[in-house]
Each structure stands twice: as C-alpha cells, then as structure tokens.
Amino acid sequence: MSKLAPRAAYYLFEGGTALLHALALTLMLVFQVQVVGLTPFQLVIMGTAMEVALLLFEIPTGAVADLYSRRRSVLIGTTIIAVSLLLQGGWPYFWPTLAGQMIWGLGYTFISGAAQAWITDEIGEDHVQPVFTRATQVVLTCSVAGTVVAGLIGQIDLRLPMLVAGAGFVLLALALVAVMPEHGFRPVPKAERETWAHLGTTVRAGLNLARRRGVVRSMLWVSLLVGLSSEAVDRLWTAHVLEQFTLPSLFGLTGAAAWFSVFALVGTLVSLLASLVANRLAGRRLNAQRPAVLLAGLVVLQVAGIVGFAVLGSLWPALVAIWVRDAARVVSEPVQAAWLNREVESGVRATTLSIVSQANALGEAAGGPPMGAVAGRFGIAAGLLGCGVILAPAAGLFLGLRSHTRAEGKAVS
C-alpha cells in the first residue's frame, strides 16, 4: 500500500483516534461504576493515576520523538492505548482498571506533541494552522459517530465499547504503519544517540527555550491555568446537573445515561458548528501570525461559560453556557497550537510541546482536589466559580503577548 499525503494521513490519525476515544469514553464512567464497581474515591484514583503517568512520561517520550522518529512515537502510542483498553474491557476489576488507566496515560504521552510536530515538519510551519483547524473539525465529526456507536453497543454490554475501541486502535496502528509517511524529520545520527546524554541535552534545550522565549513561556503558563481549571469542571459538571436540575422526559428518553449521551452529542455538534463558522467568518484572524487578541477573547468566553453554568438556575440555559465554554476551547486549541509550533525549532519541537502539555497535566493533577474540596465544603457551584477565577488570568497572558510582540517590532525597527 502506498503512503498517503501527509495531510490525509494526519486526518486519518486524528479522526480515527477521535472516533475510538469517543467510543471508549462515552460510557466509561458508567462502565467503571456498574461493571467494575468502583467507589467515588476509586474513581478519583483512576484520574489521578492517569495524570501521574502523564507527568512522569510526557517529557521523556517527547524527547524520544525528537531523537528517533515522530512517526514511530505515534505508532507506539497508538498501540499502547489499544493494550490499555483491551486490558480494562477484558478484566473489569480494580487493579487491571488502574493499570489500564496508567498505561493509557503512557500511550498518550508518546502521541502528545509528536503528532503535531510530525505534520508541522511534513508540510511546513507556515501551512499548518489550517490543517490543525480542519483536523479539529474532523475530530468533532468523528467524535459524534463514536458517541452514537458507544450508545448503541453499550446497550448490549457495557464492556463492548472498551473492547471494540481497543481492537480499533490495533487496526488504526496497522493502517498507519502502511500509509503514514515521514520525510520532513531528520533524526539524530545513531552515533550521537547511543546514550541518554543526548536525550538529556534535548530536554534541557526544550526547557531553556520555554524559559527564554516569551510566547513559549506564556503558553506554558496558559497551559497550567487551563489544567488547574479544567479538571474540576470536567469532573463536576455532571454532578452539578444531577444535583441542581430535574432531567426531562422527552421523546421516550428517560434516565441519566440516555440524557447525558444526548448532552454529549449536542455539545460536540455545537463545538463543530462553532469551529466551522469561525473558520468561515474569521479565517484571517485564526490564521494570523500572532492571534493574541483572538485567544484572549476565547478565554473570556470560556470563563463566562463556566460562571454561567455555575449560577444559572434552569437546565437548558446552564447547558448552553457549558457548551459555549467547550466550543470556545475547541476553536482556541488549534490556533494556539499553530502559534506555538511556529515559535519552536524543529530539533526540540516535540520536546517543547510535551513540556507545555505536561504543564497542563500538572495543573489537572494539582487543581482537581482543591476545587473538589471547595465543592464539597461550599457546594459544586462554588467549586465551578473557583475554576472560572483560576482561568481568567490566561486572557491577560495572551494580551501581554500582544504588547510583547509590539515591543519586539519596535526594537527590530
């Protein structure tokens, strides 16, 4: 089988991964509660285990991608995720599930940074932002399909979505072996990478770049703030809906499982529509070399969505608020990713992206428990409001980058 064009291979990877993740994740919490029998504390432990794996392995696996091969790193990560899902679906007990969550985190770190660095090397830094935006739209479309399939086969057996997703990741890895090219990456010569010394040099170069360069440093702080705020919102919003509102009975839909599947589908469609409309109406701003004001505005929308969800007293307006938050985040992520990729040299690109991703994981691990404690003491709405307060300074960081860019321009002139 001949290799695909880089863009097509990237869309295949992103779309296939999104479909299979949606298939596995849509009913994962239901699976863990009803089949594995996890307690609330054990559910928290699962999330913590994954974040620990991300923190431990994000930078080393990013350095591996920079030293050896971005393509190989993506293939390894895809295969490891397949193993984790098959383990969890095949042995639905506490310890296999815990191990599966940590293995999943390990697999994700091989992919994180490597996939974006790979496509940037293949097509060039100046052409990558539209590809990231289109990939986001592909991801959202495939996520809808995965959510629907999960809802259908989950009615037969709650283990099936996990097992089918695991098998799907095996097939995706095999397909990528056949069709994914790699021509833009230049690996470190073998004689120079026979020890860990060069890996350490690569990691240090990425860290030095993150400290020195204003855009990379600010993106690092933004990633940390997003992690600090997002973990609690993502874990608390379901409980907030169940605690504060009565789920309707419409079109034969009853029960939390059915309605939360519908909420997930609608939220994904809203995010997809937002991405398409933004790309059509504000394509020039999305593709701008320094989109600081746009990203600051999207942060403000996210904060407004979190606050609105926390304080609104009716179900559908509250859901609209959280969907606005999610849509703003979806529009923001490819723009931010493209800007960051333009600021990083190829030799340390995957490592630097992994460092930024690790800041997000650190924020999620550190931010979830305190906000959960606030929610337990003062109510879930208070915890959600705290998340909005934590995220708000990210808008100022982006606006600071606008000032920093202008100062650079004056200095150069």
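Buried means under 20% relative accessible area, exposed means over 50%, and partly exposed lies in between, with a 1.4 Å probe and protein chains only. The model is predicted: local features need pLDDT of at least 70, side-chain atom pairs count only at pLDDT 80 or more, and totals for chains, interfaces and linings use all residues. Residues are numbered from 1 along each chain as its sequence is written, and side-chain values use heavy atoms, without hydrogens and water.

**Exercise 1. Describe the setting of S143.**

Step 1. Locate S143: it sits in helix α7. Helices (H or I, at least four residues) and strands (E, at least two) are DSSP runs, numbered from the N terminus.

Step 2. Classify S143. Its relative accessibility is 15%, so S143 counts as buried.

Step 3. The S143 side chain reaches the backbone oxygen of V139 at 2.7 Å. A polar contact is a pair of N or O atoms within 3.5 Å; within protein, one must be able to donate a hydrogen and the other to accept it, and residues adjacent in sequence count only if both atoms are side-chain atoms.

Step 4. List the contacts (heavy atoms within 4.5 Å). With neighbours within four places in sequence set aside, S143 touches A18, A22 and T268.

**Exercise 2. Characterise the packing of α7 against α14.**

Step 1. Take the geometry. Two packed helices are described by the angle between their axes and the distance between the axes. Axes are lines fitted to C-alpha atoms, for helices over the stretch in contact, and angles run from 0 to 180 degrees between N-to-C directions. For α7 (residues 128-154) and α14 (residues 315-342), the angle is about 150° and the axes are 9 Å apart.

Step 2. Name the arrangement. Angles under 35 degrees count as roughly parallel, over 145 as roughly antiparallel, 65 to 115 as roughly perpendicular and the rest as oblique. α7 and α14 are therefore roughly antiparallel.

Step 3. Assign the hand. A crossing is left-handed if the near helix is turned anticlockwise from the far one by less than a right angle, and right-handed if clockwise. α7 passes α14 in a right-handed crossing.

Step 4. List the residues. α7 contributes V128, Q129, F132, T133, T136 and L140, while α14 contributes V330, P334, V335, A337, A338, N341 and R342.

Step 5. Sort by class. This contact of α7 with α14 has 8 nonpolar, 4 polar and 1 charged residues. Ala, Val, Leu, Ile, Met, Phe, Trp, Tyr, Cys and Pro count as nonpolar, Asp, Glu, Lys and Arg as charged, and the others, Gly among them, as polar.

**Exercise 3. Contrast V356 with L56.**

Step 1. V356 lies in α15 (residues 349-378). L56 lies in α3 (residues 40-67).

Step 2. V356 is buried at 8% relative accessible area. L56 is exposed at 52%.

Step 3. V356 and M219 are 137 residues apart in sequence, but 7.1 Å apart C-alpha to C-alpha. L56 and T109 are 53 residues apart, with 9.3 Å between their C-alpha atoms.

Step 4. Leaving aside neighbours within four places, V356 contacts M219, L220, S223 and L340.
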